[in-house]
Amino acid sequence: MRIGVLTGGGDCPGLNAVIRAVVRKSVKVYGHECVGLRYGWAGILNDNRVELTRESTANILTRGGTILGTSRTNPYRDGADGSATVRAAMDRIGLDALIPIGGDDTLSVANRLAADGVPVVGVPKTIDNDIAGTDFTFGFHTAVQIASDAIDRLHTTAESHNRVMVVEVMGRHAGWIAAYAGIAGGADAILVPERPFDIDEICGSIRRRHDAGRTYSIVVVAEGATPSDGSAVVTPTGQVDAFGHPRLGGIAVALESEIVERTGYDARVTILGHVQRGGTPTAYDRVLATRFGIAAIDAVHDGAWGSMVALRGTEIARVPLAEALAEPKLLDPGIYETAEVFFG
Ligand code: F6P
């Protein structure tokens, strides 16, 4: 078999570990060939590809980003018949199957292709950990480590200056990074998309904390958190990507001035942004990504089309793409309740 591999959507630590695992088992055990499609679905549309061999995928286990490049290209954009285009490209290139590695957008394309009979096996990735059907995605653990390291550092400077530090982390629909990093970093308030926040309540809780003798506070906010009055904070450019998502970022800036105005305390903002997606994956993510890569090539070999590899408990499973993508996996309320015990 000749198998096309691509990485789509936002990059994520561990993508190279998946590519390496797919190629290694493909070549060594099954005798299949792998072709890298460059820059996500754009690679197949523009015939931009590279042969993937044991040699070309050596020494990439620890590397962040993706050696294939990525993009948010959508083959179905503006009503296009993405399935016909992809199928024609596969015939031209001589591909028997595809392994797209991506988040909900990239995998939603995979799901439509699978529904139209294209042989596809998906691998879930996102630092946001918001894909249903899998308990965890690789990249999440790394992002949480980066964010909690940053919070640790902010603690010492917050304490020195008696400040409120507002730390913005990624998380468009789900507050997994905010909650995990906030718990690990001992946050005094955590704002997540799943629970619209009341700014008066947040400020009241900070004030009570300071009245009780604390001299500083740490507030962690997910980029997708929204105030309970229904207003949304997105970038003023109004930019949207090929899948129609607005570009988020900056809610911490608005929060900082609200906090200063309502409490009179000095505050500062830190937006971690893409630092959370960069650099080498943690050992946990390297292992999970490697297990996903091996499971994906096994699923291709078995002809398990339309499936996505997933972590269920401690085991790697295959779940239907349609089931995994039906809705995003929101933050477990129990995790938030654990964090809440330490607020204020
Ligand atoms: O989808 C993952 C994610 O990390 C979101 O949390 C964030 O909104 C988005 O990527 C930003 O991606 P980019 O700026 O690369 O388009």
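Helices, taken as runs of at least four residues, and strands, taken as runs of at least two, are assigned by DSSP and numbered from the N terminus. By this count, the protein contains 11 helices and 11 strands. Its radius of gyration is 21 Å, close to the 20 Å that the globule rule gives for 344 residues, so the protein is as compact as a globular protein of that length. The model described here is predicted.

**The protein as a whole**

Along the principal axes, the C-alpha trace extends over about 70 × 40 × 30 Å. Of the contacts between residues at least 6 apart in sequence, 74% join residues at least 24 apart. The table gathers further values for the protein.

| Property | Value |
|---|---|
| Share of the 344 residues that are buried | 53% |
| Accessible surface | about 14000 Å² |
| Share of the accessible surface belonging to carbon and sulfur atoms | 50% |

The side chains include 32 positive and 41 negative ones. The centres of these two sets of charges lie 7 Å apart.

**Serine 148**

One residue may be examined in more detail. Serine 148 is located in helix α5, which covers residues 140–161. Is serine 148 buried or exposed? Its relative accessibility is 7%, and because buried means under 20%, serine 148 counts as buried. Leaving aside residues up to four places away in sequence, serine 148 touches Ala181, Ala184 and Gly185.

Note on methods. Residues numbered from 1 in each chain as written. Predicted model: local features only at pLDDT ≥ 70, side-chain atom pairs only at ≥ 80, totals over all residues. Heavy atoms only, no water. Buried < 20%, exposed > 50% of the residue type's maximum accessible area, 1.4 Å probe, protein only. Contact = heavy atoms within 4.5 Å. Rg over C-alpha atoms; globule rule 2.2 N^0.38 Å. Areas by Shrake-Rupley, 256 points an atom, 1.4 Å probe, with all protein chains shown as cover. Lys, Arg positive; Asp, Glu negative; His and termini not counted. Charge placed at Lys NZ, Arg CZ, Asp CG, Glu CD.
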